[in-house]
Amino acid sequence: MTRHSRTMIRAAVAAALLLATSAQAAVIGQMTPAPPLTRERLADIPAGERAAWSSYLDRSEAARRLNAAETTNGPPPTSGDAAASMPLSKPARWYATPEARHIADVIVSFQSPAGGWGKNAPRTAVRQPGQPFSAEKDYVGTLDNDATVTELRFLARVITAGGEAPYRDSFVRGVRWLLAAQYPNGGWPQVWPLVGGYHDAVTFNDDAMVAALSLLGDIAKGQGDYAFAAPALRADAEAAWRRGLAALLKSQVVRDGRPTGWPQQADAVTLAPVGARNFEPAALASAESAGILAYLITAFPTPPPEVAHAIGGGVTWLRGAAIADKAWRAPAPGEARRLVDQPGAAPLWARYYDLATGRPIFGDRDRTIHDDVHDLSAERRNGYAWFTTAPAKVLKAYGR
């Protein structure tokens, strides 16, 4: 049997499983919120590792006090697409222009006292005294929605184009924030200083951890936009990158002795899959897995054995999880989105797959977990990306 034939059979089996569950739809579980990282949890950590975790919590609390020391009772910044306001694909000479310098000035002005940046605030107007550092109060220093990493990459381009000392100082502070936020096990929370809840979980959602690893890897090489980085910073970046890579590989879910995909979030301490928002259960996540695999394939043209094993397992899982001859669309204006038969449609992947059975699962706001997307409330069915085609690009790039 050829590889193509096996792939098609797996896709057909996945589609059949989805149809079977649709015929006998049920609430199959209840989402459990992710536990925050607290001092009480230190008792569950091996004695030899507790000092590092206790020091981490001390560092987080100190950073929180630093952020709180500055008055921020003014109007919040305008909310919007922050990443779009910091273009990273302009010609190198553009980053020496007044327009680019203005954006860099805005970036520096919104850097929190702890060194990170908030999300969802376009970098168009310089922060005013007393203005909050983030458009959302729980995200004063985050990797969510491309935050912090985008600011740092933009600053690097301006520095390389001849930017002055304030940009360099801001860049170094931002990288030090990223290093300080890294857990002792190598992962990163979504928000730092820690704010509790699922924000404390190691976050793969929206490529947060991949973005951090990619940036640190580039700094460690000290080439191109990062040639200005001092040797000590490069060395620290490389050490953090290695710890992060180890955490990434450890977070891959192993089922029946074989590596599969990755969750959307992992527990801060154990790196086991955990849930996030009420409708985001602990599960294998296809889009996040595709993003991780894309990074590993690109970062390691000739991967070491452990990375090659992770890539091979992840690609095999994605191929087998594809849903064939289905489309996710609204049949008519005003009607709810539905998964419908469409022979010859491009393969789809469910966003989440059950950790035990490998079948697609779907969450609702009341924390119920369903085996049929059509059983969700209309608000959640229509308001969330339950299916994706993202893995197709990765499988094509892998080429075998």
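**Figure 1. The hairpin of S11 and S12 in the predicted model.** Six residues lie between the strands of this hairpin, and Gly 358 there takes a positive phi near 80°. The model shown here and in the other views is predicted. S11 and S12 pair in the antiparallel sense, over two bridges. Tyr 353 has Pro 360 of S12 as its bridge partner. Strand S12 covers residues 360–363; Pro 360 and Phe 362 point one way from the strand, and Ile 361 and Gly 363 point the other way. Each of these four residues of S12 is buried. In a regular strand, side chains alternate between the two faces of the sheet.

**Figure 2. The hairpin of S12 and S13.** Here four residues lie between the strands, and Arg 367 takes a positive phi near 75°. S12 and S13 run antiparallel and are joined by two bridges. Phe 362 has His 370 of S13 as its bridge partner.

Figure 3. A polar contact of 2.8 Å links the side chain of His 370 to that of Thr 368. With neighbours within four places in sequence left aside, the contacts of His 370 include Ala 26, Val 27 and Ile 28. Also among them are Pro 360, Ile 361 and Phe 362, which belong to the stretch 360–363 of strand S12. Asp 364, Asp 375 and Leu 376 complete the list of contacts of His 370.

**Figure 4. The open sheet of five strands.** The strand order is S1-S13-S12-S11-S7, and the pairing is antiparallel. Strands S1 (27–30) and S7 (284–285) stand at the edges; each has a single partner strand, so one side of each is left without a neighbour in the sheet. S1 is joined by three bridges to S13 (residues 368–370), and the two strands run antiparallel. Within this pair, Gly 29 has Ile 369 of S13 as its bridge partner. Strands of a sheet pair through backbone hydrogen bonds, either parallel or antiparallel.

**Figure 5. The salt bridge of Glu 70 and Arg 127.** The side chains of Glu 70 and Arg 127 meet at 3.2 Å, N to O. Glu 70 lies in the loop between helix H2 (47–68) and helix H3 (98–109), and Arg 127 in the loop between H3 and helix H4 (149–160), so the pair ties together parts that are 57 residues apart in sequence. Glu 70, at 34% relative accessibility, counts as partly exposed, whereas Arg 127, at 12%, counts as buried.

Figure 6. The side chains of Arg 242 and Glu 238 form a salt bridge of 3.0 Å, N to O. Both residues lie in H7 (residues 231–251), four residues apart, about one turn of the helix. Arg 242 counts as exposed at 51% relative accessibility; Glu 238, at 33%, counts as partly exposed.

**Figure 7. The salt bridge of Glu 288 and Arg 351.** This salt bridge has an N to O distance of 3.6 Å. The pair links distant parts of the chain, 63 residues apart: Glu 288 is in helix H8 (residues 286–299), and Arg 351 is in the loop between strand S10 (349–350) and strand S11 (352–353). Both Glu 288 and Arg 351 are buried. The whole structure holds 17 salt bridges.

**Figure 8. The setting of the close-up views.** The secondary structure of the protein comprises eleven helices and 14 strands. The C-alpha trace spans about 60 × 50 × 45 Å along its principal axes. For 400 residues, a compact globule would have a radius of gyration near 21 Å, and the value for the protein, 22 Å, agrees. Of the 400 residues, 50% count as buried. Among contacts with a separation of 6 or more, 67% come from residues 24 or more positions apart. The protein exposes about 17,400 Å², of which carbon and sulfur atoms supply 55%.

Definitions and conventions. Residues are numbered from 1 along each chain as its sequence is written. This is a predicted model: local features need pLDDT of at least 70, side-chain atom pairs count only at pLDDT 80 or more; totals for chains, interfaces and linings use all residues. Side-chain values use heavy atoms; hydrogens and water are left out. Two strands pair if DSSP finds at least two bridges between them. A salt bridge is a side-chain nitrogen of Lys or Arg within 4 Å of a carboxyl oxygen of Asp or Glu. Buried means under 20% relative accessible area, exposed over 50%, partly exposed in between (1.4 Å probe, protein chains only). The radius of gyration is taken over C-alpha atoms; the globule rule is 2.2 Å times the number of residues to the power 0.38. Contact means heavy atoms within 4.5 Å. Accessible areas come from the Shrake-Rupley method with a 1.4 Å probe; for residues, only the protein chains shown count as cover. A polar contact is a pair of N or O atoms within 3.5 Å; within protein, one must be able to donate a hydrogen and the other to accept it, and residues adjacent in sequence count only if both atoms are side-chain atoms.
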